[in-house]
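This report goes through the structure shown below, starting from one residue and moving out to the chains and their contact.

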Amino acid sequence: MAYLELVDLHRDFGTVKALDGIEIQLGQGEFLSLLGPSGCGKTTALRLVAGFDRPDAGAIVVDGRDVTRVAPNKRDMGMVFQAYSLFPNMTAEQNVEFGLKIRGRNRAERRKRVGELLELVGLGHARGRYPHQLSGGMQQRVALARALAIEPRVLLLDEPLSALDAKVRVQLREEIRRIQLELGITTLYVTHDQEEALSVSDHVAVMYGGRIEQMGTPSEMYSSPATPFVAEFIGTMNRLEATVVDGTSGEVDHNGVRMTVPAAQGLSRGERVLVLIRPETLELEPAEGNGGPADLVGDVLTHTFLGPVTRLKVIGSDLELIADVPTSRVDALPIGMKVRARVPEVGVKLLSLQTEPAAPAAPAPAGR
Amino acid sequence: MKGFRRMAPSAYVWLLLGGLYFFIPLLATLLFSLKSNQTGKCCTLASYGWVIHNGDFWHTLKVSFLLALETIAVSLLIFVPTIYWVHLRLPRLRPVIAFLALIPFVVPPIVMVVGLLKFYKGSPEWFYAQPWGFLVAAYVILAFPYMFFSLDAGFRAIDVHTLTEASNSLGASWPVTLVKVILPNIRAAALAGSFLTLAIVMGEFTIANLSAFHTFPLFLQYVNETQAYPAAALTLMSFAITWAAMLSLLFVGRKRGARASVIAGAR
């Protein structure tokens, strides 16, 4: 049975549909990331769960209890905000203690819990410091400890790392995951950073235009995108529009170039499809002449160093490809060289072009 | 000290001129207040003694001071929750309230008091005939712009939405959030508004005079008309009282302001 359920949630802001019937079921102790571009409705969904906003329709159920109309201070949701939200007039210790005081816990219990949580987030030494004496990362750690202090039923994180620098962001997201696993707390995490979402979550829900495009485990989302939007949003993807030529052999045609894609087998001739190829699965080799009809041929336009791999942009007539090549091999494929791209037999996905989502009329307001 | 060394010579001249502009009248008043009422010669503290031993001085000072405290309390009770709610839920109303706050600047006190006397005519005796009722109501209006703009600046300096939502999510109700989270973070602004209100009420003459209440400025005016040297002493003493209030504001504001600037920097 699901611990947190969002049932057919709708929320409009004027003519803009911020949420258009989203459905989520999350088990106890699970970590779900809501991922999507600005204005897709992910923060709106989180704010509805927190109780800061009310849905126009639908229900929010926590542990079998409908909390849709419950005030935010009665919901037992711990929240970490995007903006630094520590109370400036209180020390780190007093911030963490705040929720426990409101709940009328006795002094000894409060001190014990605050000490434990500050140690858990690695800030036992900074308990007497005021927010302005803490770095951004430390402030978010205290905010996390403060949210956890009340032993919330659900932990809500609204892009808590977006204001931090890259190194601290990576470090803190790992800490958040460690703590979440240690405490077994059901967590809803909002982010627009796909790397962040894929690295810490049990499940990822990609949102677009107020709807959930796809929900699944990080590896499912990466390897089997259900829609072109998800394919585009999660990782980098080469998208080749093609027409099925032979549904028996799986042959498709992309601007005169014939490719055999096993996933096209069984489709009817003339059907428009989108061939999706991850850059790391494309193989490049030097080409002579303009290649044959089955060849994706183009010139290397740029090299982008990414560490172990180098990303090559290949431009041909009616063709633009991205390919990741081991950095040790990149000297053999210099800028300007004509190359041939070999489409792998496995790892290529095919989507019917009818599944392309309609773009929303206007982006929903981000944040509140 | 380095800053002073780098100052251009012309700056010293302007500083000196500015200083003279402010201090010469004070010095003249001081010298005048030290003259003897009998001989007209310097120097005696008799005028100060006369003021201190005058029962009316203490009575009117007490009345004005209590009026100021009541005005501050009523203003804070009305304006803090109102401005908080406007910032939180009705931001579009802010320009409207800012415009309303300017009205006491535009309407002369003499016009205002006539209007208020007519408006409150027929109200209960305990309100209309007492300074604690009628005068405080008028002074709250008079202090509105000072209180509003001070508090508004305070609210704009903090992230009202996030602090409120953080507090709510931790289980605090709206009143608890206002008292425990918001108020401590706008303390400097509330103090600034309070001290400005104090200064206004301690020096307000027109409304008190026309509504026939005997307050400190009326006593000051009476002494000024009847006793030349004690009037100068009284002027300096009221000046000192106002300055003491302003210095305490400066002291508290500096402590809080230093911290607020660091917080802003951290963001």
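## A tyrosine in chain A

A:Y208 lies in strand 9 of chain A, which covers residues 203-208. The model is predicted. A:Y208 has 23 C-beta neighbours inside 10 Å and therefore counts as buried, the cut-off being 20 or more. The C-alpha atom of A:Y208 is 15 Å from that of A:I24, and 184 residues separate the two along the chain.

With neighbours within four places in sequence left aside, A:A205 is in contact with A:I24, A:L32, A:L34, A:L35, A:I212 and A:M215.

## The nonpolar core

A:A205 also belongs to the largest nonpolar core, which has 155 residues. The members of this core that touch the most other members are A:V49, A:L156, A:A205, A:V206 and B:L151. Helix 8 of chain B provides the largest share of the core, with 14 residues. As a general point, nonpolar side chains in soluble globular proteins tend to be buried together.

## The two chains

The overall values for each chain are set out here.

| Item | Chain A | Chain B |
|---|---|---|
| Secondary structure | chain A: 8 helices and 20 strands | chain B: 14 helices and 0 strands |
| C-alpha extent along principal axes | chain A: about 80 × 45 × 35 Å | chain B: roughly 75 × 65 × 30 Å |
| Buried residues | chain A: 43% of 368 residues | chain B: 31% of 267 residues |

Read along the sequence, the pattern of chain B is α-α-α-α-α-α-α-α-α-α-α-α-α-α.

## A helix pair in chain B

A pair of packed helices is described by the angle between the axes and the distance between them. In chain B, helix 8 (residues 131-156) and helix 11 (residues 187-203) have axes that come within 8 Å and cross at roughly 155°. Angles over 145 degrees count as roughly antiparallel, and helix 8 of chain B and helix 11 of chain B are therefore roughly antiparallel to each other. The crossing of helix 8 of chain B past helix 11 of chain B is right-handed.

On the side of helix 8 of chain B, the contact is made by B:Y139, B:L142, B:A143, B:Y146, B:M147, B:S150, B:L151, B:A153 and B:G154. Helix 11 of chain B contributes B:A188, B:A189, B:A190, B:A192, B:G193, B:L196, B:T197, B:I200 and B:V201. By class, the residues of this contact are 14 nonpolar, 4 polar and no charged. B:L151, one of the residues in this contact, is also among the core members with the most neighbours in the core.

## Where the chains meet

How many residues of each chain take part in the contact between chain B and chain A? The contact joins 21 residues of chain B to 23 residues of chain A. On the chain B side, helix 9 (160-169), helix 10 (174-185) and helix 14 (228-266) each supply at least two residues. Helix 9 of chain B gives the most to this side, with 7 residues. The side of chain B that touches chain A divides into 10 nonpolar, 7 polar and 4 charged residues.

Key. Residues are numbered from 1 along each chain as its sequence is written. Chains are lettered from A and ligands numbered from 1 in the order in which they are written. This is a predicted model: local features need pLDDT of at least 70, side-chain atom pairs count only at pLDDT 80 or more; totals for chains, interfaces and linings use all residues. Axes are lines fitted to C-alpha atoms, for helices over the stretch in contact, and angles run from 0 to 180 degrees between N-to-C directions. Helices (H or I, at least four residues) and strands (E, at least two) are DSSP runs, numbered from the N terminus. Angles under 35 degrees count as roughly parallel, over 145 as roughly antiparallel, 65 to 115 as roughly perpendicular and the rest as oblique. A crossing is left-handed if the near helix is turned anticlockwise from the far one by less than a right angle, and right-handed if clockwise. Two residues are in contact if their C-beta atoms, placed from the backbone, lie within 7 Å. Ala, Val, Leu, Ile, Met, Phe, Trp, Tyr, Cys and Pro count as nonpolar, Asp, Glu, Lys and Arg as charged, and the others, Gly among them, as polar. A nonpolar core is a set of buried Ala, Val, Leu, Ile, Met, Phe, Trp, Tyr and Cys residues joined through C-beta atoms within 7 Å. A residue is buried if 20 or more other C-beta atoms lie within 10 Å of its own, exposed if 12 or fewer, and partly exposed in between; C-beta atoms are placed from the backbone.
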